[in-house]
Amino acid sequence: MTATTGHRTVEHLDRGPLDRNELAAVIARDIPAGSYVNLGIGQPTLVADHLAPEAGVVLHTENGMLGMGGAASGDDVDPDLINAGKVPVTEPPGASYFHHADSFAMMRGGHLDVCVLGAFQVSRDGDLANWHTGAPDAIPAVGGAMDLAIGAKSVFVMMNLFAKDGTAKIVPTCTYPLTGLRCVRRVYTEHAVFDIDSDAVRVRDTFGISVADLRARMAIELS
Amino acid sequence: MSRTTICDDAAEAVAGIDDGATVLVGGFGMAGMPTRLIDALIEQGATDLTIVSNNAGNGDTGLAALLAAGRVRKVICSYPRQSDSYVFDGLYRADKIALEVVPQGNLAERMRAAGAGIGAFFCPTGVGTPLADGKEARTIDGRDYVLEYPIRGDVALIGAHIGDRAGNLVYRKTARNFGPVMATAARLTIAEVSRVVDVGDIDPETVVTPGIYVDRILEVKP
């Protein structure tokens, strides 16, 4: 790996796209030591496995805990101790519990440094769509996605770059119902990492694809 | 003498819940879910209910059983759709139940507002999304907000860990979730606890829900 400085793009062409764990490791490396972090349900939870213990990153789970530990197994499973995905977790030293209104006040009040969310689409302006496909027979369910999108100081998205039909999921304008406006700071995908800046979408790194090839497959301008 | 009643059985705990009531139901998944009280509400028979809870029932038991019994007119929740929410899914698709989806933090804060005497509040969550459609908007110090109104319950059914005879409650781990907020937001708050202790047996410094918010307690030994 080569370090990225400023907005110079680093093309990693000696390898293929990142697998899920490699992508999680890239995100984990970008989370500053000592950050308070919320990892969304699904793929983003993988990031926890790649956080170095010495970095002192504190995990928040919106159902009411700071300093959440890893997944519980065997005798450690306690039905009263679960994460937002309803998976049993552990209680390391330093953990704390609080009720739901406090948990979301913590989020909405701008006290969390980073959250990592999945997405259906992200627009070039940083609009996020990740809660509803808008299909007429779909049952809408939002959970804490809208609260996280506007609450955390930095919103990172972790997703596959391309949809099943081959089109890029970073789009000029979201066609799915929105979760939040202009809230995404950075998008991590298996092919590339993007900064969503106010004036442009900048490519930080690519993995197994050149910026030129990326441009050819995306409907937005890349800097 | 405390105004909190320690109930002898579940039927006493849910007595007097009327048809058409709005019932706040605690729990996140099964953690903090007052399952015995929900079963008692099914037996009690109240119908045409509005249920406010994070989810809309799992499997065939608890809230899902209340829904399956046809007692619920409307669900207000943040996340109805789950891998095992087939009872709700079936009712919703058959147009037999109304749904109001509320962002999870708004659900909590709207109940907090109800319990705290707040008339409404400007909140940044959901601005620019379909869930803000039709809501009053305002820009304050350059940030956009929408007006959110309180959610009041006629009844709250919550789960807690230990209650004393004065109604003070402590919770256990993430089972705390909506309990302390819902306890403040309803006219009648009923708590299911795993143990009832005498007054003085809970350190006042550790009380999470003061007894003023708790009307009835039912002990359900785990």
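Mentor: We begin with a crossing: H2(A) passes H5(B) in a left-handed crossing. Keep in mind that this is a predicted model.

Trainee: What describes two packed helices?

Mentor: In general, the angle between the two axes and the distance between those axes describe such a pair. Here, helix H2 (residues 100-108) of chain A packs against helix H5 (residues 104-116) of chain B at an angle of about 120°, and their axes are 8 Å apart. H2(A) is therefore oblique to H5(B).

Trainee: Which residues of H2(A) and H5(B) meet?

Mentor: From H2(A) come A:His100, A:Ala101, A:Phe104, A:Met107 and A:Arg108. They meet B:Gln104, B:Gly105, B:Ala108, B:Glu109 and B:Arg112 in H5(B).

Trainee: How should I read a nonpolar core?

Mentor: Nonpolar side chains tend to be buried together in soluble globular proteins. In this model the largest nonpolar core has 134 residues, and those touching the most other members are A:Ile27, A:Val157, B:Leu37, B:Ala156 and B:Met182. Within chain B, strand S9 (residues 153-164) gives the most to this core, with six residues.

Trainee: What does A:Ile27 touch?

Mentor: Leaving out residues up to four places away in sequence, A:Ile27 touches A:Val47, A:Val116, A:Phe156, A:Met158 and A:Tyr188.

Conventions:
Residues are numbered from 1 along each chain as its sequence is written. Chains are lettered from A and ligands numbered from 1 in the order in which they are written. This is a predicted model: local features need pLDDT of at least 70, side-chain atom pairs count only at pLDDT 80 or more; totals for chains, interfaces and linings use all residues. A nonpolar core is a set of buried Ala, Val, Leu, Ile, Met, Phe, Trp, Tyr and Cys residues joined through C-beta atoms within 7 Å. A residue is buried if 20 or more other C-beta atoms lie within 10 Å of its own, exposed if 12 or fewer, and partly exposed in between; C-beta atoms are placed from the backbone. Helices (H or I, at least four residues) and strands (E, at least two) are DSSP runs, numbered from the N terminus. Two residues are in contact if their C-beta atoms, placed from the backbone, lie within 7 Å. Axes are lines fitted to C-alpha atoms, for helices over the stretch in contact, and angles run from 0 to 180 degrees between N-to-C directions. Angles under 35 degrees count as roughly parallel, over 145 as roughly antiparallel, 65 to 115 as roughly perpendicular and the rest as oblique. A crossing is left-handed if the near helix is turned anticlockwise from the far one by less than a right angle, and right-handed if clockwise.
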